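The entries below follow the order in which I looked.

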Amino acid sequence: MIGLIISGLPASGKGTQCKMVASQYDLVHLDTGENLRREMQQQTPLGMEARKFISLGRLVPDNLIREIEIKMIDKFPSARGFLFDGFPRTIGQAEILEGFNKEYGITVKAFILLEVEQKEIIERIHKRAIEGNRKDDQDINIIMKRIEQQSAELNALIGFYSQRNKYFKVDGNGDMKQVFESIKTIIDKHHLTEV
Ligand code: AMP
């Protein structure tokens, strides 16, 4: 089974692109953040444990994320492949995903980064915050702190996948269609969704 990772900072357009890519290449889209929220809503043991960290603005520990991913993967035994969204976010998680090769036969083909300029990211988050009335996103200091944290996480992962020749980056500054075309070009050129 194929494993593709699409990554990017908040407001990079990652969610939208993941949906489009999954549909285009017949991959199951596994959205970690959304699943965490669902587990919390349903008050499952996993969700209640995760909430302790999320409510403090911290990352959920790798062992819990591992359980979440397995729970999602198990729901799709006949999938052609998976598109991972929001996972991995740490080197520990990247190693967990490598381990899924033996356990589930998932081969990670690529880590694709949607690269959007920080200035653009901040503008998008700010705009979204005002439209959606999200107070936390209206505070520029909180936004900056989150971006810095996540940039550091991303840099570590870029290193991990570069070493394995699986790192690709896409210019995410354009509109939705342009960005999708760029992702498709990379996937097709490098045969990233072929077994
Ligand atoms: P997101 O929707 O991706 O912003 O995720 C919401 C929250 O869930 C994050 O702030 C983290 O606390 C947690 N979370 C999501 N994905 C992960 C992950 N891969 N590893 C650890 N925590 C995560």
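This is a predicted model: local features need pLDDT of at least 70, side-chain atom pairs count only at pLDDT 80 or more; totals for chains, interfaces and linings use all residues.

I then listed the surrounding residues by name, and they are Thr 32, Gly 33, Leu 36, Arg 37, Ile 54, Arg 58, Leu 59, Val 60, Ile 65, Gly 86, Arg 89 and Gln 93. When I asked which element supplies the largest share of this shell, I found helix H2, which spans residues 32-41 and contributes 4 residues.

For Gly 86, a backbone N or O atom is 2.7 Å from a ligand nitrogen atom, whereas for Gln 93 an N or O atom of the side chain is 2.8 Å from a nitrogen atom of the ligand. I also recorded that the protein covers 78% of the 480 Å² of accessible area that the ligand has on its own.

Entry on the site. I checked where the ligand sits, and the answer is the largest pocket.

Entry on the chain. I counted 8 helices and 5 strands, and along the sequence I read the pattern β-α-β-α-α-α-β-α-β-α-α-β-α. The radius of gyration is 16 Å, close to the 16 Å that the globule rule gives for 195 residues, so I noted the chain as being as compact as a globular protein of that length. Along its principal axes, the C-alpha trace spans about 45 × 40 × 30 Å.

Methods: Residues are numbered from 1 along each chain as its sequence is written. Side-chain values use heavy atoms; hydrogens and water are left out. A residue is near a molecule or strand if one of its heavy atoms lies within 4 Å of it. A polar contact is a pair of N or O atoms within 3.5 Å; within protein, one must be able to donate a hydrogen and the other to accept it, and residues adjacent in sequence count only if both atoms are side-chain atoms. Accessible areas come from the Shrake-Rupley method with a 1.4 Å probe; for residues, only the protein chains shown count as cover. On a 1 Å grid over the protein atoms alone, a cavity is a set of points where a 1.4 Å probe fits but cannot get out, and a pocket is an open set with protein on both sides within 12 Å along at least five of seven lines; lining residues have an atom within 4 Å of a point. A molecule sits in a cavity or pocket if more than half of its atoms lie within 2 Å of its grid points. Helices (H or I, at least four residues) and strands (E, at least two) are DSSP runs, numbered from the N terminus. The radius of gyration is taken over C-alpha atoms; the globule rule is 2.2 Å times the number of residues to the power 0.38.
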